[in-house]
Amino acid sequence: GEIGLDYFIPMLCEPAMREKQEFFFREQLRIARDFALPVLMHVRRSQDQVLKHVRQIRPAGGIAHAFNGSFQQAQTFIDLGFRLGFGGAMTFTRALQIRRLAATLPLDAIVLETDAPDISPSWIHPARNSPEYLPAIGAALAELRGMAPEEVRSATMASAISALPRLAAILPAASQA
């Protein structure tokens, strides 16, 4: 499951709720570290706090889901062994920072995601998102990077398997190529 911190929803920003979120997040990071499990992190307006806890506890890597931070924050996640998730938000032409990061960060640090049913891509927004849009989201990333969609698919699949090694055991061999 997804763990993390959300400092976007007003109720969750109240001091007592922030304290609870951080307590449970730290405990979940410890469990992941102790069992050598990767984490899928919800990082909503909380990049610096998430990084603080990850630096202290050092889980076995994973993914910073729906990444929307700065280049420096991205580089810190990467240096700590994490991949960054990019999805529907990257398809909006006004999402300049996300698009710049998607175009310039090392491709082996990026995974594609949908966050279905949320964060739908621009061409269906505000309709419900679905995993069926993942190839088109990949094509959008390929266009941003000036690459063939097949290259992006292969690289991001390898990145996802690197972040979540047990994926390799459940994916059809054709998906891993």
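**Sheet**

I began with the sheet of this predicted model and found five parallel-paired strands, open, in the order S1-S2-S3-S4-S5. I took two strands as paired if DSSP finds at least two bridges between them. Helices (H or I, at least four residues) and strands (E, at least two) are DSSP runs, numbered from the N terminus. S1 and S5 are the edge strands, each pairing on one side only. From one strand to the next, the twist averages 30°.

I then looked up the pairing of S3 with S4: the two run parallel and are joined by three bridges. Ala 64 has Leu 84 in S4 as its bridge partner.

I noted the conventions of the model. Residues are numbered from 1 along each chain as its sequence is written, and in this predicted model local features need pLDDT of at least 70. Side-chain atom pairs count only at pLDDT 80 or more, while totals for chains, interfaces and linings use all residues, and side-chain values use heavy atoms, with hydrogens and water left out.

**Helices on the sheet**

For angles, axes are lines fitted to C-alpha atoms, for helices over the stretch in contact, and angles run from 0 to 180 degrees between N-to-C directions. Helix H3, residues 47–57, lies across S1, S2 and S4 and runs at about 145° to S2. H6 lies across S4 and S5, and its angle to S5 is about 145°.

**Helix pairs**

I asked at what angle H5 and H6 pack. Helix H5 (residues 96–104) packs on H6 at about 75°, and the axes are 8 Å apart. H5 and H6 are therefore roughly perpendicular to each other; the classes are roughly parallel under 35 degrees, roughly antiparallel over 145, roughly perpendicular from 65 to 115, and oblique for the rest. On the H5 side I listed Arg 99, Ala 102, Ala 103 and Thr 104, which meet Leu 141, Leu 144 and Arg 145 of H6. By class, this contact of H5 with H6 has four nonpolar, one polar and two charged residues. For classes, Ala, Val, Leu, Ile, Met, Phe, Trp, Tyr, Cys and Pro count as nonpolar, Asp, Glu, Lys and Arg as charged, and the others, Gly among them, as polar.

I next took H6 with H7, whose axes come within 8 Å and cross at roughly 110°. That makes H6 roughly perpendicular to H7. H6 contributes Gly 138, Leu 141 and Ala 142 to the contact, and H7 contributes Pro 149, Val 152 and Thr 156. The contact of H6 with H7 holds four nonpolar, two polar and no charged residues. Leu 141 is listed in the contact with H5 and in the contact with H7.

**Pockets**

I searched on a 1 Å grid over the protein atoms alone, where a pocket is an open set of points at which a 1.4 Å probe fits, with protein on both sides within 12 Å along at least five of seven lines; lining residues have an atom within 4 Å of a point. Grid points are joined across faces, edges and corners, and a volume is the space filled by probe spheres set on the points.

The largest pocket has a volume of about 680 Å³. Its lining has 23 residues, with Leu 112, Glu 113, Thr 114, Leu 134 and Ala 160 nearest the centre. Strands S3 (62–65) and S5 (110–112) and helices H6 (134–145) and H7 (149–163) each give two or more residues to this lining. H7 gives the largest share, six residues. I recorded 15 nonpolar, four polar and four charged residues in the lining of the largest pocket.

The second largest pocket holds about 440 Å³. Of its 24 lining residues, Val 43, Arg 44, Ala 66, Asn 68 and Ile 119 are closest to the centre. S1 (2–6), S2 (39–44) and S4 (82–86) each supply at least two lining residues, and S2 has the largest share, three residues. The lining of the second largest pocket divides into nine nonpolar, eight polar and seven charged residues.

**Backbone**

Most residues other than glycine have a negative phi, and most peptide bonds are trans. I therefore checked the exceptions against that background. Asp 115, not a glycine, has a positive phi of about 60°, and Asp 115 sits in the loop between S5 and H6. The peptide bond from Ala 116 to Pro 117 is cis, with omega near 10°, and Pro 117 is in the loop between S5 and H6. His 125 and Pro 126 are joined by a cis peptide bond, with omega about 5°; Pro 126 is found in the loop between S5 and H6.

Definitions and conventions: Contact = heavy atoms within 4.5 Å.
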